[in-house]
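My entries follow in the order of the search.

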Amino acid sequence: MNIIKLEEMLKQFFNEDLGDGDLSSEFIFSAEQQGSFSFYAKEKGIFCGALIIEHGFLLLDRSMEIYLHKKDGETVDAGDILAVIKGPLQKLLIGERVILNLIQRMSAIATATHQAVQETIGTHAKICDTRKTMPGMRMLDKYAVRVGGAFNHRNGLYDAIMLKDNHLAFAGSITKAVQTAREKVGHTVKIEVEIETKEQLDEAIIAGADIIMFDNRSPKEIRDWLPSVPPTIATEASGGITMDNLKAYAQSGVQWISLGSLTHSVKAFDISALVQMKGAHSLVHH
């Protein structure tokens with residue numbers, strides 16, 4: 001992960017939440033008061049967000065002591081301590097919600113990704129993500145996908161050509177779209193074509209696509225059409241794929257399965273903070 005970009009993102013997130021200051025913490029606690037947080041999991045899954053905890057709290061105060069109990073990609077159970085952070089109580093409270101929000105989302109993505117990858121065991125299919133990420137969060141979303149054991153599709157519009165139905169409609173045909181693109185890009189840029197019919201598949205093959213995406217096709221259709229695809233062309237399935245039918249798609253023989261659900265509709269992983277003021281004997285849940 002790009003650490004410079006990560007820290008710039010964290011600064012923006014803190015500024016959005018902090019504004020002119022944390023009225024609650026600054027009016028109740030002095031700058032000298034010390035405390036600690038214990039982040040702990042409240043369900044089973046895959047942890048992701050160690051860099052967020054480390055860099056986030058240190059951006060708020062360089063004196064913070066951070067003790068990570070889990071690494072990114074490790075399985076956690078309900079009750080497991082993820083990290084302990086000690087330092088100025090005001091700064092701990094300022095960072096708590098932003099950091100929790102981020103690691104809850106990233107751990108949810110990593111957990112969902114891990115579950116998807118398990119469905120492909122025994123096949124040659126690989127799981128990848130899509131561009132259906134939260135705006136402003138793509139770097140973190142895609143990092144969490146990798147932590148979960150899957151792969152990243154293109155990072156944006158800039159690093160590969162994907163000719164979808166609207167591109168093809170405007171261009172007039174698959175052949176024309178692929179030829180026009182091929183004339184204008186270098187040899188390192190891949191061209192992917194989305195197809196929905198056998199006729200489109202045949203046209204994409206003749207046109208010289210590098211990758212063919214079977215869009216909203218059933219596992220049976222993909223299995224029946226795959227023998228027509230030369231081994232030099234990569235194949236991908238997307239659209240209408242859920243955890244319930246994922247194994248059937250993996251068993252179809254397709255090479256890649258892209259899942260927008262990994263990033264666009266995950267439920268936050270349940271993580272909480274256990275707070276302790278220095279010298280206090282009681283613990284407070286946040």
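Predicted model: local features only at pLDDT ≥ 70, side-chain atom pairs only at ≥ 80, totals over all residues.

I looked up Gly 253 and found it partly exposed, at a relative accessible area of 46%; buried means under 20%, exposed over 50% and partly exposed in between, with a 1.4 Å probe and protein chains only. Gly 253 sits in the loop between α10 (246-250) and β11 (256-258). Helices (H or I, at least four residues) and strands (E, at least two) are DSSP runs, numbered from the N terminus.

Residues are numbered from 1 along each chain as its sequence is written, and side-chain values use heavy atoms, without hydrogens and water.

I then turned to Gln 115, which lies in helix α4. Gln 115 counts as partly exposed because its relative accessibility is 42%. Its C-alpha atom is separated by 19 Å from that of Lys 132, 17 residues apart along the chain.

Next I examined a helix pair. Helix α1 (residues 3-18) packs against helix α3 (residues 50-60) at an angle of about 60 degrees, and their axes are 10 Å apart. Axes are lines fitted to C-alpha atoms, for helices over the stretch in contact, and angles run from 0 to 180 degrees between N-to-C directions. The angle makes α1 oblique to α3; under 35 degrees counts as roughly parallel, over 145 as roughly antiparallel, 65 to 115 as roughly perpendicular and the rest as oblique.

Which residues of α1 and α3 make the contact? I listed Ile 3, Leu 6, Glu 7, Leu 10, Lys 11 and Phe 14 of α1, and Leu 51, Ile 52, His 55, Gly 56, Leu 59 and Leu 60 of α3. Contact means heavy atoms within 4.5 Å.

In α3, I found Ala 50, Ile 52, Ile 53, His 55, Gly 56, Phe 57 and Leu 60 buried. Their cover includes α1, β1 (34-41), β3 (65-68), β5 (81-88), α4 (89-118) and α5 (138-147).

Last, I noted the chain totals. The chain has 11 helices and 13 strands, and 47% of its 286 residues count as buried. Its C-alpha trace spans about 75 × 40 × 25 Å along the principal axes.
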